[in-house]
Structure formats: C-alpha cells, structure tokens
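Hello,

Here is the structure I promised to pass on to you. Please have a look at it first, and then read my notes below.

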Amino acid sequence: PVPTISWRRADGKQIPRKARRHRSSGLLEIPNFQQEDAGLYECVAENVRGKNVARGQLTFYAQPSWTQRISDVHAAIEERVSWECRASGRPKPSYRWLKDGEPLLPQGRVQLEQGSLTIPNVSLSDAGMYQCVAENKHGVIFASAELSVIAIGPDFSKTLLKKLTLVKVGGEVIIECKPKASPRPTYSWKKGRDILRENER
C-alpha cells in the first residue's frame, strides 16, 4: 500500500514549529532557515510491509556581517592606537588589514591578531586610511577608518605646577612638570632666570 511519511531529526531535537509538512508529497518545508535549524533530518516511510528511512544533512552558511566596526582615530605622536573589528558568519570569518589599499603585514611596531590592530607608539608615517577585511567562502566585507596623527607644542593649560612649602629645613621637594605635547618634549629647569643644572642636591 501507499506508505505514510513522517519527519524527524536524528539528533533528537524537535523539528521547528515553523516547518510545514506536506504528507502526500513527502515534502518538508522550513521557511526562514536559521543556524539552529541545521542538522540531520530523517524522512520515514512505512506501510504494513515495512519501513524505510532516508537521511539528509542540512547545513547553515552565512556571509560575514559586522558586529563591531572600526572608527576614525586622532592620535598624538607616540600615543598608543588600537582597533578591533568583529564579524559573524558561517563558517567563522578570517580577518586581514589594509593601509591605503595595500595589504598590511605584522612588522616592527604594527601588531596584528585576528580582528585587532595595535600600534604602541604612532608616528607621522602611520597616518592613513585603514581597512579591516572579514571574509569567508560566501562573502567579503570591509570596514574603514582614518588614522590622523597630530603634533602639538607643549601645553601647560591642564598641568598643575605645585607650590610647596617646606615644613622643616632639609626636607625633599618634588615638582612635577607634565605638559601635553607631541612628540615628547625635552625639559629644562630655571630658578628665576638662571638655568638649573644637576648637582649632588
């Protein structure tokens, strides 16, 4: 006799509720297929004379899609710059970096690891347009950001030079001088108009 047909998942999970079964044609339809719907499915046909099973593996693939992009950075000379980009996809995307359209390789000060790029001490030559590239066999996506490297003269507007009063003669005095500057400045000290030079005190 004409067999009856039923469907099941070989891993024991339930067939998605959104799935539609067409018993007469032995058709299982899964709309809006997602990663959780992937797996081994079985079609079971049986009548009074016996039963037979056909198996099929459904695999989920997806092109990369950004979950974290990079954005423009303005950095002073010798500052640390770090970017991180992340993408979802199936299979898991791999990452590479471009600078001004050319492949960027780990070298010297530039550190690359998966979707992260770090320059511990930027210089003027590091300025440019950077791109993070995420790809798998189903697609390639790009995220772009510009690195602007700026040089600034010494700025004391946010530095507090402390006025210290000695409690007793012979005590130690420490005065900090930390202006904002790029590149790193050289320092000299004066007492009144006289240049201070290092000595035993």
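Trp83 and Tyr130 are both buried, where buried stands for under 20% relative accessible area, exposed for over 50%, and partly exposed for what falls in between (1.4 Å probe, protein chains only). Before going on, please keep in mind that this is a predicted model, in which local features need pLDDT of at least 70 and side-chain atom pairs count only at pLDDT 80 or more, while totals for chains, interfaces and linings use all residues. Residues are numbered from 1 along each chain as its sequence is written, and side-chain values use heavy atoms, with hydrogens and water left out.

**Aromatic pairs**

The chain holds 2 aromatic pairs. Rings of Phe, Tyr and Trp (the six-membered ring for Trp) count as a pair if their centres lie within 6.5 Å; planes under 30 degrees apart are called stacked, over 60 edge-to-face, and the rest tilted. For Phe33 and Phe60 the ring centres are 6.2 Å apart and the planes stand at 40°, so this pair is tilted. What does the pair connect? Phe33 sits in the loop between strand S3 (27–29) and S4, and Phe60 in the loop between S5 and strand S6 (62–68), so parts that are 27 residues apart in sequence are tied together. Phe33 is partly exposed because its relative accessibility is 25%, whereas Phe60, at 16%, counts as buried.

Trp83 and Tyr130 make a tilted aromatic pair too, with 5.1 Å from centre to centre and 50° between the planes. Trp83 belongs to strand S8 (residues 81–84) and Tyr130 to strand S14 (residues 128–136), so this pair ties together parts that are 47 residues apart in sequence.

There is also a charge over a ring: Arg86 lies over the face of Tyr95, at 5.8 Å from the ring centre. The rule asks for NZ of Lys or CZ of Arg within 6 Å of the ring centre and within 35 degrees of the ring normal.

**The chain as a whole**

How many helices and strands does the chain have? The count is 0 helices and 19 strands; both are DSSP runs numbered from the N terminus, helices being H or I with at least four residues and strands E with at least two. Of the 201 residues in the chain, 29% are buried. Among contacts between residues at least 6 apart in sequence, 54% join residues at least 24 apart, a contact being heavy atoms within 4.5 Å. The accessible surface is about 14900 Å², and 49% of that belongs to carbon and sulfur atoms; these areas come from the Shrake-Rupley method with a 1.4 Å probe, and for residues only the protein chains shown count as cover.

**A sheet of 3 strands**

An open antiparallel sheet is formed by 3 strands in the order S1-S4-S5. Its edge strands are S1 (4–9) and S5 (50–58), each pairing on one side only. Neighbouring strands here are turned by 20° against each other on average, direction ignored. Two strands pair if DSSP finds at least two bridges between them. S1 pairs with S4 (residues 39–47) over 6 antiparallel bridges, and Thr4 stands opposite Glu46 in S4. S4 and S5 pair over 9 bridges, again antiparallel, with Gln57 in S5 as the bridge partner of Leu40. These two strands form a hairpin with 2 residues between them.

**Loops and backbone**

Gln14 is in the loop between S1 and strand S2 (20–22) and is exposed, with a relative accessible area of 68%. Gln14 and Asp37 are 23 residues apart in sequence, and their C-alpha atoms are 9.6 Å apart in space.

Most residues other than glycine have a negative phi, and most peptide bonds are trans. Which residues have a positive phi here? Asn32 is one of them, with phi near 50°. Asn32 lies in the loop between S3 and S4 and is exposed at 58% relative accessible area. Glu78 is another, with phi near 80°; the place of Glu78 is the loop between strand S7 (73–76) and S8, and its 31% relative accessibility makes it partly exposed.

Finally, the peptide bond from Arg90 to Pro91 is cis, with omega near 0°. Pro91 is in the loop between strand S9 (86–90) and strand S10 (94–99).

Best wishes

Technical notes: Axes fitted to C-alpha atoms, helices over the stretch in contact; angles between N-to-C directions.
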